[in-house]
Amino acid sequence: MKVILYSPQISPRLNYIIDFLSVHIFGEPVILTTDIAEFKNTDAIKLNYSLAEVDENEIRISPHALLFEEGIQPQLIECFEWHRLKVFFKTEGNIPFDIFAASFYLLTRYEEYLPYEQDEYERYAHVNSLAFKENFLHLPLVNLWIEELIKLIQRNRAFRLQPLTFKFAPTYDIDIAYRYLHHSVFRNLGGYYKEILSGKWKLLKERDNVFSGSQKDPFDTYDWLASLNNQYNLEPVYFFLLAQKRKGYDKNISPHNRAMQKLIQWHAARYTVGIHPSWQSGDDKIMLLREISLLEKISGKKITHSRQHYIRMNFPETYRRLINEGIKHDYSMGYGSINGFRASVTLPFYWYDLEKEEKTSLLIYPFCYMEANSYFEQHYSAEKAAQELQGYYDIVRSVKGQLITIFHNHFLTEQQQWLSWRKMYHDFLQRNFVG
């Protein structure tokens, strides 16, 4: 069934959000028209995006100004409830708000282009966001709005929906590939003496066991993860940190180390691998290109997937740089300080460059759960984190979205501190997926 949308004017912003809805609801492009006669005479499902009624068989959504503005300026936002969901940009029509403008505002991260407070890592602080302030960060609100819009259309006229299916996309960040092995002699000696001075005898014994060959390096969880991937038919993406120099938040093993290169090659032969741009690359435009090029050389594959280390990014600079270096798929859309839906959606979407007013080629894959957030930022136990993760699974599955999680190899070890987290992840897979 065709769908037509009438609007007195058509803007790049309107085109963008209707394209998004076309893909995820109707399965074919919505016809956009400024011709009232064409709108009235068609047998298609009719969406009227204007201030006045045009046809008695239409669904009218009265427009807010946002989709017809140019430039970026503060927006007056007052939230209220509709069908037990938070909404904003109040207007009149068959629904009481402009669902297109509100979705555009959230997807494009409009608020992050405005002046904002930074967190301790010089990132956009999640406490600034509308989703956090209005307590819907834990919800894929755009997906839930879409469900209500579909119900409204179906009450007026039966139509065939684009079939959506729930997807689980596990991802792994390899920040520190090994705990002891393959680091520099200087670093290993420093760690050895530090453990002696602090009396950490268990770590000393562990270190000795690893170097004697009687124990596997605790961060070497790759075979275990591979067995889970096989058992539960998972298609993960692995992101490798390849900073040339160990500095600050970049604590990876040298990418020139032969063991590190073999690890990358082993994964590239089996899975999708992507670049984990170093913290340092955020201050050096050339460094990003070098890291991507090195990963391509090591893996023997074109690298088109990326996720920012520590989720360090700002709009529009970070995404423009990724596009310039050939990245097509980015997995950074989430917070490095709290779990939840940064863009209030759990479906892939193309990034819209607000300053240039254009849809780009960069496909964004939003994540909602990272175990490091649960542990370091939210101070959850493994048991409470398991409840949190299950909650995200349940809500994403209910809207037939894509659940993207982040785990780190060094969180999934058999060390006493992390054993409960390893078990938590295994139990989650066992509970929700057929082995």
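Residues are numbered from 1 along each chain as its sequence is written, and side-chain values use heavy atoms, with hydrogens and water left out. Because the model is predicted, local features need pLDDT of at least 70 and side-chain atom pairs count only at pLDDT 80 or more, whereas totals for chains, interfaces and linings use all residues.

**Backbone**

Most residues other than glycine have a negative phi, and most peptide bonds are trans. Phenylalanine 315 and proline 316 are joined by a cis peptide bond with omega of about 0°, and proline 316 lies in the loop between strand E10 (305-306) and helix H11 (317-324); helices (H or I, at least four residues) and strands (E, at least two) are DSSP runs, numbered from the N terminus. Threonine 318 is found in helix H11, where, leaving aside residues up to four places away in sequence, threonine 318 touches Gln308, Arg312 and Met313, contact meaning heavy atoms within 4.5 Å.

Serine 344, a residue other than glycine, has a positive phi near 60° and is placed in the loop between strand E11 (329-330) and strand E12 (349-353). Histidine 379, also not a glycine, has a positive phi of about 60° and is found in the loop between helix H12 (371-377) and helix H13 (382-398).

**Accessibility and cysteines**

In the table, buried means under 20% relative accessible area, exposed over 50%, and partly exposed in between (1.4 Å probe, protein chains only).

| Residue | Relative accessibility | Class |
|---|---|---|
| Serine 344 | 0% | buried |
| Cysteine 368 | 2% | buried |
| Threonine 318 | 11% | buried |
| Cysteine 79 | 23% | partly exposed |
| Histidine 379 | 63% | exposed |

A search of the whole structure finds zero disulfides, a disulfide being a pair of cysteine sulfur atoms within 2.5 Å.

**Cavity**

Across the whole structure, one cavity of 30 Å³ or more is found; on a 1 Å grid over the protein atoms alone, a cavity is a set of points where a 1.4 Å probe fits but cannot get out, and lining residues have an atom within 4 Å of a point. The largest cavity holds about 50 Å³ of space, where grid points are joined across faces, edges and corners and a volume is the space filled by probe spheres set on the points. Its lining consists of Asp119, Arg123, Tyr124, Ile311, Gly334, Tyr335, Gly336, Ser337 and Arg342. These lining residues divide into three nonpolar, three polar and three charged, with Ala, Val, Leu, Ile, Met, Phe, Trp, Tyr, Cys and Pro counted as nonpolar, Asp, Glu, Lys and Arg as charged, and the others, Gly among them, as polar.

Definitions and conventions
On a 1 Å grid over the protein atoms alone, a cavity is a set of points where a 1.4 Å probe fits but cannot get out, and a pocket is an open set with protein on both sides within 12 Å along at least five of seven lines; lining residues have an atom within 4 Å of a point.
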